[in-house]
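Q: I'm new to this one. Can you walk me through it?

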Amino acid sequence: MGGELCDGWVHLLSGQTLCFTGRVLIDGEWTVRKDCREIAEQLGANWKPDFSRKVTVFVHGDLASQTVTDTQREYSQKLVTAADWRDRGHHVCVVDGDGFADLISGHAARCRELQRARGSDDHVLVLPQAGDGILGGPLQQHRVGCHEPGALALDLAHLDKGTEAHESTIAALIEHLASQHIELRGHARNAPRFDAGWSRGDDVFIAEVKSLAGAREDQQIRLGIGQVLDYAHQLQLGSTRSRMRPVLVLEKQPTDSRWTSLAEASGILLTWAPDFAGC
C-alpha cells in the first residue's frame, strides 16, 4: 500500500512492512519493540528499524489509550517524516497501539489522519475521529448460511443475523449511507457486538438490524429495542465522549404504528427499508 492512497484502513498485517516508534501499549500491556516485531513476523509482516520507502505501516505506540478527542497532541519526528512523505504522494499508513492490537486479532485498523500544527512544520497532530473505540472496520454483507437441524436454539439475536432478510437490509443500508458518502461499519474489537454503526459529525449511530419475515413482529422489535438500548448504555458508561444515537433498523415498516412512538420515547431512532428515514 505504500506510495498509494489507501481506503482509510489497514486490513491485514500480512505483506506489510512495519516501522515502530518503540514499545506499544497493547490492551493495557506495554510491549517492547522486539516483541512487537516478533508478533508482526508471525502474522506475515516484515519490519524496518527506520523509515524507508519500503515501509507501508508506521505503528506509533505513543498514541495508544490516550484521549483521542484531544486534538492538540504533538508527536515525534517520525510522524513528521510520515507527513512529509504523504505530502510528496508516498502514502504511509499510521496506526496507533489499539490499531496494532486490532490487526493482531484479525480486525482492520484505522489509518490515522495527520495534520501539521498551525504555524509549524516540525509538529504533526494525529486527528481524532468520531467513533474511535466504538466503530470497527467497514461492514460487508455476508453470505447467508444454513442452520443445522439441531442448531436452532433460542438465541434469536444470533439466528436473525443469518437470515436473507437481515443481510438484504444491511446491504440496502450500506447503499443508502454510501449515497451520502458515509461508511457503514461494524463494531470495534472491544465494543458491544452491535450489527452496524456509522458517524455523522460528532454523533455515533449504533444500530441493531431486525428482519420481520417469518417471525412475530412484536417479538423481534422488542428484542431489538432491548439490544440497542443495552449497547448504547454500555458505551455511555465507557470513556467515550461521543454522543450515542441508538437506532433500530427494520426490514420493512411495522404494521403497528405504536412502535414509532415507543422508540421515540426511549430515545431510539426507528427506521426501515427501503427509505431509512432519519438516517
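Q: How do helix α6 and helix α7 pack, at what angle and how far apart are the axes?
A: This is a predicted model. In it, α6 (residues 217-237) and α7 (residues 258-265) pack at an angle of about 10 degrees. Their axes are 12 Å apart.

Q: Roughly parallel or roughly antiparallel?
A: Roughly parallel. Angles under 35 degrees count as that, so α6 and α7 qualify.

Q: Which residues make the contact?
A: From α6, E217, D218, I221, R222 and I225. From α7, R258, W259 and L262.

Q: Switching to rings. How many aromatic pairs are there?
A: The structure holds four. One of them is F20 with F100, and that pair is edge-to-face. The centres are 5.5 Å apart, with 80 degrees between the planes.

Q: Where do F20 and F100 sit in the chain?
A: In distant parts of the chain, 80 residues apart. F20 is in strand β2 (residues 17-20), while F100 is in helix α3 (residues 97-104).

Q: Are those two buried or exposed?
A: Both F20 and F100 are buried.

Q: And what about F51 and F58, what kind of pair is that?
A: F51 and F58 form a tilted pair. It comes to 5.2 Å centre to centre and 50 degrees between the planes.

Q: Why does F51 count as buried?
A: Because its relative accessibility is 18%, and buried means under 20%. F58 is buried as well, with a relative accessible area of 0%.

Q: Which residues form a cluster with them?
A: W85 does. F51, F58 and W85 form one aromatic cluster.

Q: What about charges over rings, say R23?
A: The charged end of R23 sits over the ring of W30. The distance to the ring centre is 4.3 Å.

Q: And R37, which ring is that over?
A: The ring of W47. The charged end of R37 lies 4.1 Å from the centre of that ring.

Q: Is C111 buried or exposed?
A: Buried, because its relative accessibility is 5%.

Q: What about C19, buried or exposed?
A: C19 counts as buried too, at 0% relative accessibility.

Technical notes: Residues numbered from 1 in each chain as written. Predicted model: local features only at pLDDT ≥ 70, side-chain atom pairs only at ≥ 80, totals over all residues. Heavy atoms only, no water. Phe/Tyr/Trp six-rings, centres within 6.5 Å; stacked < 30°, edge-to-face > 60°. Helix = DSSP H or I, 4+ residues; strand = E, 2+ residues; numbered from the N terminus. Buried < 20%, exposed > 50% of the residue type's maximum accessible area, 1.4 Å probe, protein only. Lys NZ or Arg CZ within 6 Å of the ring centre and 35° of its normal. Axes fitted to C-alpha atoms, helices over the stretch in contact; angles between N-to-C directions. Parallel < 35°, antiparallel > 145°, perpendicular 65-115°, else oblique. Contact = heavy atoms within 4.5 Å.
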